[in-house]
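Hi there,

Here is the structure I promised to pass along. Have a look at it first, and then read on for what turned up.

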Amino acid sequence: MQADTPARSAVVDLGSNSVRMVVFDGISRNPVPIFNEKAVLRLGRGLTRTGRLNDEGVAMAVDVLRRFHAIACGMNANPFEILATAAVRDASNGPEFVASLRQIMPDVPIRILSGIEEADHSALGVLCGIPEANGLVADIGGGSLELIRIDAEGRHDADTLPLGVIRLSDRAEGELAVAKSLADSDLKGVEWLDSMKGRTLYLVGGAFRALARLQIARTNYPLNILHYYTMTPQTAREMTGWLIQSNRRMLERLPGAPRKRLDDVPFAATVLRRLLKRVEPDRIVFCVDGLREGWYALNVAHELQHEDPLEAVAREMCERLGRSLTLPSALFAWTAEVFPYETARQERLRKVACWLSDVGSHDHPEYRAEQTFLRILWMQGAGVDHEARAALALALAVRYEAETDAAWLAPARALLDADTFTWAVTLGLALRLASALCGGTETLLDGTRLERGDTELCLHLTSARVAVRGDSVKRRLARLGQAMDLETRLDEAPVHSAAFPIP
């Protein structure tokens, strides 16, 4: 990193419902938040009636932003920027409020985003966390709902609607039936949504995330991670119906219920239900990356956005926790013979697993397999869906000799179908065999290769320096062959003492 490169950056999202500051550490493909704090201000409460920001919220905002400013300065965050959204841009006293903030913090850029800019930042955030995203992004806040189309060619057709949970509640005077009609009317006016039918719907924003949290708790879903939490349209319609009909007391009983969001839940569910009817998506994907991560991608790590976020995380973990930066590429080539008919997705995950193959090397041996499983299953961000998380975690657990019936592997058993489970176990066994051969060093793997035939898997040891006569390699080869439903054979090159150099 160059001397003038900022080590930290910070952004404040000053919204209609809440204000949040995130401080990011360093510059990497995946944003690394090291400070993340939110305060509920409800600046937009009453805006529909008065046209002005809520006075109590304004007073609270000044205090909160003073604190955020002090923290950002103390952490040497640069750049540091405040982004104001729907409530501030729509309120008659919005410019006055921003002017008062500039007097307090004259060195801090404060930008009032237009609805289109807000939508674009949210789309960039989704692409930061899900680079292959293709469909409709819907970002709900307190004051507005941003809609934008994304595909491989970029970001298009952005619109902003007054359907944020606070504003919708105010417009409907708290009546859900009225809110339903308002949402239908507003969404009907966005003509380009007709082209979104049958596409994926990506949901962004705290109120939508609250719906996902409640659904995860209600269904005992095996992974408490919101990013890339996916559901079918049928499940989403059932969920929204349940949320609209449930009272606050019922929702509060659920573990981890987002209590500060519960009053907003019926209105967020109403907006989602009407959106489902309008665009008829093929699936619904929740994304935790939005406006703030979009700001980071645009202003801090723009040049890194072409990288695969999952591979970037795997490389970083290998650098921190592994023993070799050259072994992963050798493992990727060495394991290819085991998977001659793999899909592009499987090839990508196998490559990542090879980078992660040694991340448990410093853990306690009694807990190495379980620790590795949880480390991979729960890794931050990484642009990876829940099935891929579970498959990678299972493969790495097996690489560290986990038994597939271990109780702590339950999330993998719940998230993976039979074929993917078998694929992950097979990959783990191949990595386990490679580990026995090379002990974590590329040099000792060189001179060995696997050959897969119709009925047999043969391990060739073509270099005398790696001649193996112990039972460990034979056992691991046999176990891999069993998983592949193949007989196994060990083919050792002749050993000549004069040609047996010390590696």
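**What was found**

Of the 503 residues in the protein chain, 55% are buried. Please keep in mind as you read that this is a predicted model. The chain has 21 helices and 14 strands, and its C-alpha trace spans about 90 × 50 × 40 Å along the principal axes. If we take contacts between residues at least 6 apart in sequence, 70% of them join residues at least 24 apart.

As general background, nonpolar side chains in soluble globular proteins tend to be buried together. Here, the largest nonpolar core has 67 residues, and the ones with the most contacts inside it are Ile376, Met379, Leu394, Leu433, Leu450 and Leu459. Helix H19 (residues 418-438) supplies the largest share of this core, with 12 residues. Apart from that core lies another one of 50 residues, including Ala172, Trp192, Val271 and Ile284.

Met379 deserves a click in your viewer. Leaving aside residues up to four places away in sequence, Met379 touches Leu310, Val313, Met317, Val384, Arg389 and Leu392.

Let's start with H13 (residues 309-321) and H15 (residues 344-356). Their axes are 8 Å apart and the two helices pack at an angle of about 15°, which makes H13 roughly parallel to H15. The crossing in which H13 passes H15 is left-handed. On the H13 side, the contact is made by Leu310, Glu311, Ala314, Arg315, Met317 and Cys318; on the H15 side, by Arg348, Leu349, Lys351, Val352, Trp355 and Leu356. Sorted by class, the residues of this contact are eight nonpolar, no polar and four charged.

Arg345, Leu349, Val352, Ala353 and Leu356 of H15 meet Glu387, Ala388, Leu392 and Leu396 of H17. The contact of H15 with H17 divides into seven nonpolar, no polar and two charged residues.

**Helices H2 and H4**

Another pair to look at is H2 (residues 55-74) with H4 (residues 94-104). These helices pack at an angle of about 30° with their axes 11 Å apart, and so H2 and H4 are roughly parallel to each other. H2 passes H4 in a right-handed crossing. From H2, the contact uses Val58, Ala61, Val62, Leu65 and Arg66, and from H4 it uses Phe97, Leu101 and Ile104. By class, that gives seven nonpolar, no polar and one charged residues.

Is Glu81 buried or exposed? Glu81 counts as buried because its relative accessible area is 11%, under the 20% cut-off. Leu83 is also buried, at 0% relative accessibility.

Their neighbours are as follows, not counting residues up to four places away in sequence:

- Glu81 touches Ala10, Val11, Val12, Pro109, Arg111 and Trp295.
- Leu83 touches Val11, Val12, Asp13, Leu14, Arg111, Leu113, His121, Leu291 and Trp295.

Val11, Val12, Arg111 and Trp295 are found in both lists. Leu83 and Phe68, 15 residues apart in sequence, are 13 Å apart in space from C-alpha to C-alpha.

**Strand S8**

Lastly, Gly154 is found in strand S8 (residues 154-161). Gly154 is buried, with a relative accessible area of 18%. Gly154 and Arg283 are 129 residues apart along the chain, and their C-alpha atoms are separated by 20 Å.

Conventions
Residues are numbered from 1 along each chain as its sequence is written. This is a predicted model: local features need pLDDT of at least 70, side-chain atom pairs count only at pLDDT 80 or more; totals for chains, interfaces and linings use all residues. Side-chain values use heavy atoms; hydrogens and water are left out. Axes are lines fitted to C-alpha atoms, for helices over the stretch in contact, and angles run from 0 to 180 degrees between N-to-C directions. Helices (H or I, at least four residues) and strands (E, at least two) are DSSP runs, numbered from the N terminus. Angles under 35 degrees count as roughly parallel, over 145 as roughly antiparallel, 65 to 115 as roughly perpendicular and the rest as oblique. A crossing is left-handed if the near helix is turned anticlockwise from the far one by less than a right angle, and right-handed if clockwise. Contact means heavy atoms within 4.5 Å. Ala, Val, Leu, Ile, Met, Phe, Trp, Tyr, Cys and Pro count as nonpolar, Asp, Glu, Lys and Arg as charged, and the others, Gly among them, as polar. Buried means under 20% relative accessible area, exposed over 50%, partly exposed in between (1.4 Å probe, protein chains only). A nonpolar core is a set of buried Ala, Val, Leu, Ile, Met, Phe, Trp, Tyr and Cys residues joined through side-chain atoms within 4.5 Å.
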